[in-house]
Amino acid sequence: MPLIIVTGLPTSGKTTRARQLYDYLSARLGTQQAQQQQQQQQTPSPSPNPNSNPKPPYRLHFISDSTLSISRTVYDLSPAALPAHVRSANASEKDARAAVYGAVKRVLSPRDIVVLDGLNYIKGWRYQLYCEAKNVRTPSCVLQIGAGVERARAVNEARLSARGKRAREEKEDGPSRVSKEEDGKNENAPQQQEQQQTQPQKIEEGASSHSQKANDHSGDDRDNIDDDEEPYEPSNWENLVFRYEEPNPMTRWDSPLFTLIWEDDEAQTRAVFDKIWDAVAGEGRKVVKPNQ
Ligand code: ADP
Ligand code: MG
């Protein structure tokens, strides 16, 4: 499909949900492919019909700032972070959006499902993505991640203090005393701890579908997903919350709109993912015509 635009406040759990969605879709595509193969084997046709054109399998893609190595600082408009001329032109964020747009455009097609993880907080930007999907005759939808401002801020603050702690440890130990490998472990430790404490359950298809390798059907961008998430500078974070433009399901470009909140458990998450599947690859998928 289909383009799935993930949106939400900074550090509200977008990447967590986007990864769960990717894993869910990956498993479902595996199941679908296995079923199709089984059907083909069960109904052997002696003279293959040249007009029957089986649909090629979907490919799955994951695109985010992380996979494109876009830094948090591109969103930073605070005076301390940038000189005035850069701030007014807002160039780095525009460049970042151009990079994301290019990455989406390269892969998007009616048989390519793109999970676009990111802030995606500007409605004009979501409109642009919606138009791009329409151009290639594929549906798009928005998955909004809801988390209270206080909770999201606490996640960023935890990351800021973990970063501060790492910096202090490095200073005390001195980089020369720590081997590169150990250094990597130390760097990850606070985040792993944070993730262990708060990681929500993983949503998966049944074990049987999971035995299907993802590369049966996907472009396998999953390997590019970076686990080390940097915090936002506090002023950058507050500013992004202030600038956030909530999706509106009454508009074409924000619909269909699906929502997951922080507290949603595995069953609820799965129910929402089922609906997304239906909208992008199942019965509910609409035929998209450009210029409509
Ligand atoms: P974002 O991509 O919006 O910056 P992340 O997905 O990186 O946010 O999540 C930030 C932190 O919050 C991570 O440590 C993650 O494990 C945790 N987290 C995210 N969503 C949930 C949730 N629904 N329940 C519990 N912890 C969560
Ligand atoms: Mg993220």
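Here come a few questions and answers about this model.

This is a predicted model, where local features need pLDDT of at least 70, side-chain atom pairs count only at pLDDT 80 or more, and totals for chains, interfaces and linings use all residues. Residues are numbered from 1 along each chain as its sequence is written, while chains are lettered from A and ligands numbered from 1 in the order in which they are written.

Q: Which strands stand at the edges of the open sheet?
A: The sheet's five strands, paired in parallel, run in the order S2-S3-S1-S4-S5. Strands here are DSSP E runs of at least two residues, helices H or I runs of at least four, numbered from the N terminus, and two strands pair if DSSP finds at least two bridges between them. Two strands have a single partner each, so one side of each lacks a neighbour in the sheet: S2 (59–64) and S5.

Q: Which residues of helix H9 are buried?
A: Buried means 20 or more other C-beta atoms within 10 Å of the residue's own, exposed means 12 or fewer, and partly exposed is in between, with C-beta atoms placed from the backbone. On the other side of H9, Ala267, Gln268 and Ala271 are exposed. The buried ones are Thr269, Phe273, Ile276, Trp277, Ala279 and Val280.

Q: Is Val136 buried, partly exposed or exposed, and why?
A: Val136 sits in the loop between helix H4 (123–135) and S4. Because Val136 has 15 C-beta neighbours inside 10 Å, it counts as partly exposed.
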